[in-house]
Amino acid sequence: MTFTLCALSFTELIWVHSMRYLLLLFTATVLLAALYLAGLYAFTPYATMRAELEAANQQGWAAIAPLALPRLAHTATRYAVLRGTIGLALVGAIGGLVALGRQRIRREARYLGRDIRLVALALNCFWHRLGRGEQWTAGIVLLLILGVRCWFQTHSAFNPDEAVSCDYFVWPGARVTASFYTLPNNHILYNLIGGTLLRLAPANANPELLLRLPSLLLGFVGMGIAYAMLARLISFRVATFSLGFMELAPETIVYSIGARGYGLQMACVYALFLAVLVLRRGPALHRLAWTVAVAASVAGFYLIPTFIYPFLGLGFGLLAGVVGQPHGKRRAAHGLVGGGAILLVTGLLYLPVGLLSGWSALLANPYVERLTATHFWTYFGPYYLWGTVGVLLGSQLVMVPALLLLISGGLWLIRRWAPAAWWPVAALAWTTTLTPLPLMILQQVFAPPRTLHYVVFFVLLLAILLFEAAVRHVRLTGRLAWLGLGLLLTAYAGYRVPRQADTLVVDRAFRNQALHVDHWLRAQRPRRILTGLNGYNLYLRHLAIVRRQPLLPVRLVGENPATFPSDYFMLMRGRTLPAWVRPSAVLAYEYDQLLIYSPATFADKQGLKTAPGQ
């Protein structure tokens with residue numbers, strides 16, 4: 001009896017310390033965020049900030065045409081509020097750390113260091129317990145994933161979305177990156193990392209390669225750590241094949257090399273998932289788990305606000321997992337406090353966007369508008385269950401029935417056949433897969449498939465867990481299980497990776513076309529070029545920026561007659577030449593699908609120009 005009471009008292013003490021550590025972690029995170037924001041804005045006068053934002057907005061209109069950019073919200077008063085709030089956060093965080101005391105902070109830091117050493121020791125012991133064949137398998141899988149990423153990185157061209165991120169958010173500087181959002185393509189944290197690399201690199205370094213490196217390298221490191229942790233917490237075979245299938249999926253390959261935030265956000269999802277698994281188990285390693293959860297969540301939100309989908313799913317899974325367990329109410333309270341702290345820090349980081357660009361720019365993406373109830377419910381099933389599943393998982397005829405069966409009956413079979421230790425993993429994967437649906441129904445939007453790409457991992461995890469449960473239930477030998485999954489992974493990679501490689505042809509053709517057009521136009525020394533092609537307007541500007549050349553005088557126009565003279569008008573083959581160009585225009589240049597027209601008087605002097613081989 002005495003021993004039981006002591007054990008309960010000890011556990012109670014752990015949960016009390018857990019709340020104290022959460023408060024310390026929150027205070028330290030606010031301090032870091034406030035220091036970062038103070039470095040950007042504390043010494044910058046409003047006149048400078050206004051000029052930078054207006055210049056970015058003036059340049060950005062062409063990137064979103066034909067949609068209109070909203071007006072920037074900045075004023076001197078709002079800028080003062082921003083700086084004042086940053087100052088208050090800084091003072092409050094420093095005051096909070098002083099109140100906690102140096103001795104307590106050092107003690108908590110020692111405990112955190114102990115947790116890190118314990119995890120490192122556990123992973124090291126786990127690695128040495130693996131057989132030689134399993135170690136070779138892990139190495140081959142990781143090399144295969146890295147090799148596929150490097151090959152696609154080498155052979156793929158910078159696409160227009162990456163070009164927009166580079167030209168309108170990275171090059172203008174960190175203050176603009178952290179506050180300019182009227183153009184909805186700003187993955188702030190990723191662009192800050194890319195901008196830092198650009199400014200530290202030699203002048204002759206390849207800007208496009210530098211901007212892609214964070215996705216390629218940091219994303220791979222995050223995936224590798226998740227692989228090791230997942231193998232340790234569940235099983236080596238589950239980790240190998242769930243991540244193997246995930247990392248060879250076409251969308252994952254694209255995001256893992258692109259100069260945008262989706263690849264790094266997936267690493268944040270892995271980290272938060274593993275942290276929640278540890279927190280659901282009990283108080284052991286809670287300091288490290290909460291540190292990882294807070295860091296991954298804040299980073300995920302600062303990469304892209306759509307991190308709200310996996311965050312809510314995993315947060316709900318954490319709360320549902322502790323209900324009914326010892327100290328369940330207190331653990332749920334810790335989860336709510338931790339989640340609230342994450343959202344508060346995220347709000348502080350996005351404060352420059354809200355006060356200078358406007359909260360509507362952040363919360364109302366013009367590409368994803370709220371639909372009417374009739375339209376939303378009419379196309380809800382076809383869009384999500386058919387279209388999105390097709391993009392993320394492949395053939396709908398196979399994957400839609402498989403997904404429905406997995407979600408409806410797979411969890412029940414895992415509960416019956418799998419070891420009890422696997423149930424929290426399966427339940428968390430299931431809730432995280434389905435939780436976005438209520439939020440999307442409340443929003444009444446059709447979210448792009450890329451924002452739900454993380455769901456593929458949890459679907460695959462459920463599928464592999466079900467396979468493992470079935471293997472144990474029918475007592476299938478381990479070699480046959482490895483062989484079956486290995487053949488399936490090989491067939492999957494052999495089918496989908498080459499098909500994804502075929503899509504590179506389009507991007508490379510677009511870039512080659514733009515390079516030829518750029519070379520020809522520069523040779524003509526035009527005074528003004530008009531175009532109705534938003535993609536070429538953006539890409540010609542991007543080529544000039546990354547090659548450090550003067551910008552071509554390209555202007556985007558609509559269907560209305562131009563009120564100013566021009567030397568050329570660019571048009572895609574098959575599109576109708578505007579009436580105000582047609583009377584005097586003649587074809588001056590053509591390359592593949594691009595046509596360039598010139599007024600007759602100018603074209604008569606130059607003659608018809610075609611690219612080599614045309």
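**Confidence colouring**

Begin by colouring the chain by pLDDT, since this is a predicted model. The mean pLDDT of the protein chain is 85, and 91% of its residues reach 70 or more. Select residues 1–8, where pLDDT stays under 50 and the model has zero contacts beyond four places in sequence. Then select residues 601–614, where pLDDT also stays under 50, although here the model has 20 contacts beyond four places in sequence. Where pLDDT is low, the predicted coordinates should not be read in detail.

**The nonpolar cores**

Next, select Tyr-41, Phe-273, Phe-457, Leu-461, Leu-521 and Met-570, which are the residues with the most contacts inside the largest nonpolar core, a set of 182 residues. Helix α12, residues 262–281, gives this core its largest share, with 14 residues. In soluble globular proteins, nonpolar side chains tend to be buried together.

Centre the view on Tyr-41 and show what surrounds it: leaving out residues up to four places away in sequence, Tyr-41 touches Met-49, Tyr-79, Leu-82, Arg-83, Ile-86, Arg-175, Ala-178, Ser-179, Pro-352 and Leu-356.

**Salt bridges across the chain**

The whole structure holds 12 salt bridges, and several of them deserve a stop. Select Glu-52 and Arg-175, whose closest N and O atoms are 2.6 Å apart in a salt bridge. This pair links distant parts of the chain, with Glu-52 in helix α2 (residues 46–64) and Arg-175 in helix α7 (residues 174–179), 123 residues apart. Arg-175, which is also one of the residues touched by Tyr-41, is partly exposed, with a relative accessible area of 25%.

Move to Arg-149 and Glu-247, whose side chains form a salt bridge with an N to O distance of 2.5 Å. Because Arg-149 lies in helix α5 (residues 132–155) and Glu-247 in helix α10 (residues 236–247), the pair ties together parts that are 98 residues apart in sequence. Both Arg-149 and Glu-247 are buried.

Helix α10 also holds Arg-237, the partner of Glu-468 in helix α21 (residues 455–474), so this pair ties together parts that are 231 residues apart in sequence. The closest N and O atoms of the salt bridge between Glu-468 and Arg-237 are 2.5 Å apart, and both Glu-468 and Arg-237 are buried. To finish this part of the tour, select Asp-518, Arg-522 and Arg-547, which are joined into one network by salt bridges that share partners.

**A buried arginine without a salt bridge**

Now select Arg-496 in helix α22, residues 478–502. Which side chain of opposite charge is nearest to this buried residue? That side chain is Glu-251, 6.8 Å away, and Arg-496 has no salt bridge; the cut-off for a salt bridge is 4 Å between the side-chain nitrogen and the carboxyl oxygen. The side chain of Arg-496 instead reaches the backbone oxygen of Leu-393 at 3.3 Å. Beyond its neighbours within four places in sequence, Arg-496 is in contact with Pro-250, Val-391, Leu-392, Leu-393 and Gly-394.

**A buried serine in a loop**

Go on to Ser-156, in the loop between α5 and α6 (160–170). Ser-156 counts as buried because its relative accessibility is 13%, against a limit of 20%. Apart from neighbours within four places in sequence, the contacts of Ser-156 are Arg-212, Ile-257 and Leu-504.

**Two positive phi angles**

The last stops concern backbone geometry. Most residues other than glycine have a negative phi. Select Leu-285, in the loop between α12 and α13 (286–303), where phi is near 60°, a positive value. Leu-285 is partly exposed, with a relative accessible area of 28%. Then select Arg-525, in the loop between α23 (504–524) and β1 (529–531), where phi is positive and near 50°. Arg-525 is exposed, with a relative accessible area of 74%.

Technical notes
Residues are numbered from 1 along each chain as its sequence is written. This is a predicted model: local features need pLDDT of at least 70, side-chain atom pairs count only at pLDDT 80 or more; totals for chains, interfaces and linings use all residues. Side-chain values use heavy atoms; hydrogens and water are left out. Helices (H or I, at least four residues) and strands (E, at least two) are DSSP runs, numbered from the N terminus. Buried means under 20% relative accessible area, exposed over 50%, partly exposed in between (1.4 Å probe, protein chains only). Lys and Arg count as positive and Asp and Glu as negative; His and the chain ends are not counted. A polar contact is a pair of N or O atoms within 3.5 Å; within protein, one must be able to donate a hydrogen and the other to accept it, and residues adjacent in sequence count only if both atoms are side-chain atoms. Contact means heavy atoms within 4.5 Å. A nonpolar core is a set of buried Ala, Val, Leu, Ile, Met, Phe, Trp, Tyr and Cys residues joined through side-chain atoms within 4.5 Å. pLDDT is the predictor's confidence in each residue, from 0 to 100.
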